[in-house]
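Open the structure in your viewer and keep the sequence panel beside it. The stops below say what to select next and what is there.

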Amino acid sequence: MTIRIAHQTAAMMRAHADRAAPLECCGLLLGQGDRIEAVRAADNVAAQPERHFEIDPAALIGAERAARQGHGLAVIGYYHSHPNGRAAPSPTDLAMAAPDGRIWLILAQGAIAAFRAPERAGDTFRRCGLQIDP
Ligand SMILES: [Zn+2]
């Protein structure tokens, strides 16, 4: 499975990660199916934002509500950065991930890696392809 995102949208995410470093940045992926059409930066409300991320629940709830009411794109996933880590889910990411099968993008060392969250408790992340369209 390949996730698709426009170059300009990916650039907004990279800029957010650069701005937030050395803290982890995080945000929402909006779109349809496997196509990310927009990203929305959110506050990282984790107790240790240099090591973990937690998307501001108000941002998530607001986006879900807007989509339900028909004036917003669907929330199809989440992104965050690992300023000093690898572009792969950490053990904490796995422990904290909701088993919702949504897309996770992780930015690290200039790379963006794509995954699918587990769909059931006890499952793990699945690596996906990421196509960055011009
Ligand atoms: Zn992480």
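**Stop 1: the core**

Select Leu28, Leu29, Tyr79 and Leu105: among the 29 residues of the largest nonpolar core, these touch the most other members. A nonpolar core is a set of buried Ala, Val, Leu, Ile, Met, Phe, Trp, Tyr and Cys residues joined through C-beta atoms within 7 Å. A residue is buried if 20 or more other C-beta atoms lie within 10 Å of its own, exposed if 12 or fewer, and partly exposed in between, with C-beta atoms placed from the backbone. At least two residues of this core come from each of β1 (2-6), α1 (7-20), β2 (26-32), β3 (35-42), β4 (74-81), β5 (103-108) and β6 (111-116). β5 gives the largest share, five residues. Helices (H or I, at least four residues) and strands (E, at least two) are DSSP runs, numbered from the N terminus.

Before going on, note that this is a predicted model: local features need pLDDT of at least 70, side-chain atom pairs count only at pLDDT 80 or more, and totals for chains, interfaces and linings use all residues. Residues are numbered from 1 along each chain as its sequence is written.

**Stop 2: the whole chain**

Zoom out. The protein has three helices and seven strands, in the sequence pattern β-α-β-β-α-β-α-β-β-β. Its C-alpha atoms fill a box of roughly 35 × 35 × 30 Å along the principal axes. Of its 134 residues, 30% count as buried.

**Stop 3: the barrel**

Seven strands close into a barrel in the order β1-β3-β2-β4-β5-β6-β7, with mixed pairing; two strands pair if DSSP finds at least two bridges between them. Neighbouring strands of this sheet are turned by 35 degrees against each other on average, direction ignored. Axes here are lines fitted to C-alpha atoms, for helices over the stretch in contact, and angles run from 0 to 180 degrees between N-to-C directions.

Next, select β2 and β3. They run antiparallel and are joined by seven bridges. Leu28 stands opposite Arg40 in β3, and Leu29 stands opposite Val39 in β3. The two strands form a hairpin with two residues between them, and Gly33 in the turn has a positive phi of about 60 degrees. On β1, which pairs with β3 in the parallel sense over two bridges, find Arg4, opposite Arg35 in β3.

What is Leu29 in contact with, leaving aside its neighbours within four places in sequence? The partners are Ile36, Val39, Ile76, Gly77, Tyr78, Tyr79, Ile103 and Leu105; two residues are in contact if their C-beta atoms, placed from the backbone, lie within 7 Å.

**Stop 4: the helices**

Select α1. This helix lies across β1, β2, β3, β4, β5, β6 and β7 (126-133), running at about 20 degrees to β3. α2 packs on the sheet as well, touching β2, β3 and β4, and its direction makes about 155 degrees with that of β4.

**Stop 5: Ala74**

Finish in strand β4, where Ala74 is found. Is Ala74 buried or partly exposed? Ala74 is partly exposed, because 16 other C-beta atoms lie within 10 Å. Not counting residues up to four places away in sequence, Ala74 touches Leu30, Gly31, Gln32 and Ala67. Cys26 is 48 residues apart from Ala74 along the chain, and their C-alpha atoms are separated by 17 Å.
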